[in-house]
Amino acid sequence: MKPQRISSELLEVKKAQDIIFSNFSKLDSTEVSLIDAQNFVLSKDILAPFDLPEKDNSAMDGFAVQHKDIVEEKITELEVIGRVGAENRAEISLGKGQAIRIMTGGEIPKGSDCVVPFENTNSGPMRGIDYPKKVTINEAVNLGDNIRKSGLDYKKGSLVLKAGTLLNPPALGVIASFGINKLSVIRKPIISVISTGNEVVMPGDDRKPGQIYDSNSFIISSAVKEAGGDVKLLDITGDRKEDIEAAISSCKESDLVISIGGVSKGDFDLIKDVLSEKGEINFWGINMKPGKPLTFGSLDLEDNNVFQLGLPGNPVSAYVCFELFVRPIILKMMGVNEIMRKKIKARITEDITNHDGRRMYVRVRIIEKKNEYIAEIYKNQNSNILSSLVFADGLAICPEDCKVVKSGDELEVLLLRG
Ligand code: AMP
Ligand code: MG
């Protein structure tokens, strides 16, 4: 990649996204077992190897009959000549005045053109091997009723799932129903996550006065997993240059290294120093709030080129930057076609004032009212306020050039879920 060092002026969000996204592409494919395939993305189309359902079969427990017998001939009592369970093939064919007991999923016998459910007869479930040899039809059904036709779901040879499909529960179910248990998928990106800061301590560890627990590692690594990436969570580094260097050097197998903290202008913000020694890195101020400082570039780790993204340390800033810059590239590497979250329009519940001409991402909760969405604005929008993240399911976007947005006005909201 060619570094584009932007110094004093702030970079627009869209421009930063374009630069970052353009450096990533779909990873290579691998094979996984069906049982492990959840949240992978298919790398090849899947075509139906056979009709689904394979055979015409019954949608109800009841009796397979000939429609003309019960409607035209008005025969009410039929001779029951056999029984077909869901697992059974229908070996016998049906003649005039005859019926076959049939269970849901059982193959429709030759000669039958509708199924009369138990409810419409004088019969019901029978345990054991015996069953009455006669049945009375109390109420007829239409021709073809309760028969699930073969190929109704998928025709042999038709496209079942396209390459690029995310393997969610329904997709896995349909693949399973074709008996396929090995799948060609895009391998998952390996994302290393490194929290920095002398003040930051792992939950469960002892703390010295003034130290805080590491929330970022958990926000970011779980967000990576939710997006479908594999996380390599490293130990917190503190602010010593050698420690940060050692941590970064251990990431040569990763597709992306995310560092958190140490990218602002503080005395101990050393990430920039380390990164510029290790590769080609841009340090950006992004014209957004929260989340101004960001680094992006590639590291040269023992001849492996590894991409790096440095998020700011304040948890809200880190998370908003993750949503805007990291999640889409994880999805892009995974081969997902639609990498951006959905946006809706919603009416805000309070005035928003934009003091410094940055693009604001305001934490809101979406409420659906009649035919419109309301975006309830969280009371405290500071970048260290974790409760704003817990509250929010969307980010209302106040554009750079909007000084005030009035309560009741509509804004675009980037949805954080779904
Ligand atoms: P920095 O970007 O390193 O200057 O950090 C900005 C703010 O975020 C400081 O108040 C840090 O204490 C806080 N911070 C940095 N890293 C973390 C973390 N992993 N978890 C929680 N807060 C953090
Ligand atoms: Mg720090």
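Tutor: Let us begin with a definition: a strand is a DSSP run of E with at least two residues, and strands are numbered from the N terminus. The model discussed here is predicted. D145 lies in the loop between strand 8 and strand 9 (147-148).

Student: Why is D145 called partly exposed?

Tutor: Buried means under 20% relative accessible area and exposed means over 50%, with partly exposed in between. D145 has 28% relative accessibility, and therefore counts as partly exposed.

Student: Which residues does D145 touch, leaving aside those up to four places away in sequence?

Tutor: They are D113, C114 and V115. Contact here requires heavy atoms within 4.5 Å. By contrast, the C-alpha atoms of D145 and T295 are separated by 64 Å, the two residues being 150 apart along the chain.

Student: What makes strand 7 (114-117) and strand 8 (134-136) edge strands?

Tutor: The open sheet has 5 strands in the order 7-4-6-5-8, with mixed pairing. Strand 7 and strand 8 each pair on one side only. From one strand to the next, the twist averages 40°.

Student: Which residues of helix 3 (residues 169-177) are buried, and why are they said to line one face?

Tutor: The buried residues are A171, L172, V174 and I175. Seen down the axis of helix 3, they fall within an arc of 165°, and therefore line one face of the helix. The face turned away from that buried side carries the exposed residues P169 and P170.

Student: Against which elements do the buried residues of helix 3 pack?

Tutor: They pack against strand 2 (46-47), strand 10 (159-161) and strand 11 (182-186).

Student: What makes N168 a cap of helix 3?

Tutor: A side-chain oxygen of N168 lies 3.0 Å from the backbone nitrogen of A171, at the N-terminal end of the helix. A polar contact requires a pair of N or O atoms within 3.5 Å, and the distance for N168 is 3.0 Å. Just after helix 3, G179 takes a positive phi of about 75°.

Key: Residues numbered from 1 in each chain as written. Chains lettered and ligands numbered in written order. Predicted model: local features only at pLDDT ≥ 70, side-chain atom pairs only at ≥ 80, totals over all residues. Heavy atoms only, no water. Buried < 20%, exposed > 50% of the residue type's maximum accessible area, 1.4 Å probe, protein only. Helix = DSSP H or I, 4+ residues; strand = E, 2+ residues; numbered from the N terminus. Arc of directions from axis to C-beta. Polar contact = N/O pair within 3.5 Å; in protein donor to acceptor, adjacent residues only side chain to side chain. Pairing = 2+ DSSP bridges. Axes fitted to C-alpha atoms, helices over the stretch in contact; angles between N-to-C directions.
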